[in-house]
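Subject: Handover of a structure and its findings

Dear colleague,

Please find below the structure that I am handing over to you.

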Amino acid sequence: MKKFKLMLILLLVFASLPVQSALASGSIIVTDIPANMPTVPTPTPQVTTNLTATSMYNYSGGLLDEKKLSIYPQLTEYITQLTDNNENTTAPMEKWQQLVYVFPEEVTINGAIAKFISEGTGELLAIYYDSKNVSITSTTLVSGNRIKAALGKGEVTGVKKVILYAKGTDSKEVDFKVTVSEFNVYGFGKDPTPQPTPTPTPEQPTGDQALLTITLLNGIEKQYDLPMNEVNAFLTWYDARDAGRGPGMYAIDKHSNNKGPFKKRKDYVVFDKILTYEVSEYTAAK
């Protein structure tokens, strides 16, 4: 009995002592982290900025620039929002609606472009008509893409009228709406490369002497009494410079106007400063 009591007392004593467990050893490992250990930075949240959308396309340079499109069938009402090269101006088109433009004369069309947003089932077409109001061909427009005037054709000739057509389906239950911001067609008239009007060559004086009077942009007038060969040399320089060739400055010999002890005096005239010139020819007395 005494031995049992003694063993019980010993058990109680051991139970009251602090427990040295593996957790105590673990706490030692934690406290051994170096003081200069780098810390993991807190991630900075990314902020998305809303950017203002700008046009990726230039719709100008076509045959419909700033032109008025007639609203079919009245043809007495017009819109210009689609031909002003500005995507911020728009016009709605309902199912089956048409916008029309009639050219003053027949043209050749080699491309078309439109910018639009559609709702429902349908397609936006460009339809080309000849002078007899007969449909030549048509093409389906793709928003923002410049496409050929007609599928499989580089160009369509003899076009007198173009129609922008919001073609829907035959079903009354299926609606189709289009908001169009830009529409244009590209090509040329009957003469794709007009010849420039030739600049008439000034009549060359025939006398043996002339007064050359030059008026400058600032109003100053200069007059020179020159032999005709020197006047002709000035005219040749002026015409060449007007065509973009030759120096921008010309020296005129003052001849009898040489005042002072100089062997020769010259006036230097700048082409860009000349407003007008006049040649008054005469025959010098012998």
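Which residues does Leu124 touch, not counting residues up to four places away in sequence? They are Met93, Phe116, Thr139, Thr140, Leu141, Leu164, Tyr165, Ala166, Phe176, Val178 and Val180, where contact means heavy atoms within 4.5 Å.

Residues are numbered from 1 along each chain as its sequence is written, and side-chain values use heavy atoms, with hydrogens and water left out.

Overall picture

The protein chain contains three helices and 13 strands; these are DSSP runs numbered from the N terminus, with helices being H or I of at least four residues and strands E of at least two. Of its 286 residues, 29% count as buried, that is, under 20% relative accessible area, with exposed meaning over 50% and partly exposed in between (1.4 Å probe, protein chains only). Among contacts between residues at least 6 apart in sequence, 69% join residues at least 24 apart.

Confidence

The average pLDDT, which is the predictor's confidence in each residue from 0 to 100, is 75 for the protein chain, and 68% of the residues score at least 70. Over residues 19-57 pLDDT stays under 50, and the model has three contacts beyond four places in sequence for them. Where pLDDT is low, the predicted coordinates should not be read in detail.

Strand pairing

Two strands pair if DSSP finds at least two bridges between them. Strand S4 (98-120) pairs with S8 in the antiparallel sense over twelve bridges; in S8, Val180 is the bridge partner of Phe116. Seven bridges join S4 to S7, again running antiparallel, and Val107 has Val159 in S7 as its bridge partner. S1 and S4 also run antiparallel, joined by two bridges, and Ile71 stands opposite Leu99 in S4.

Nonpolar cores

A nonpolar core is a set of buried Ala, Val, Leu, Ile, Met, Phe, Trp, Tyr and Cys residues joined through side-chain atoms within 4.5 Å. The largest one has 30 residues, and those with the most contacts inside it are Leu82, Phe103, Leu124, Leu141, Leu164, Phe183 and Val185. At least two residues of this core come from each of strands S1 (69-71), S3 (91-93), S4, S5 (122-129), S7 (156-168) and S8. S4 gives the most, with eight residues. A second, separate core of 17 residues includes Ile214, Met228, Ile252 and Ile274.

Individual residues

Leu124 lies in strand S5 and counts as buried because its relative accessibility is 2%. The C-alpha atoms of Leu124 and Lys95 are separated by 9.8 Å, the two residues being 29 apart along the chain. The side chain of Asn184 reaches the backbone nitrogen of Leu63 at 3.5 Å.

Yours sincerely

Technical notes
Predicted model: local features only at pLDDT ≥ 70, side-chain atom pairs only at ≥ 80, totals over all residues. Polar contact = N/O pair within 3.5 Å; in protein donor to acceptor, adjacent residues only side chain to side chain.
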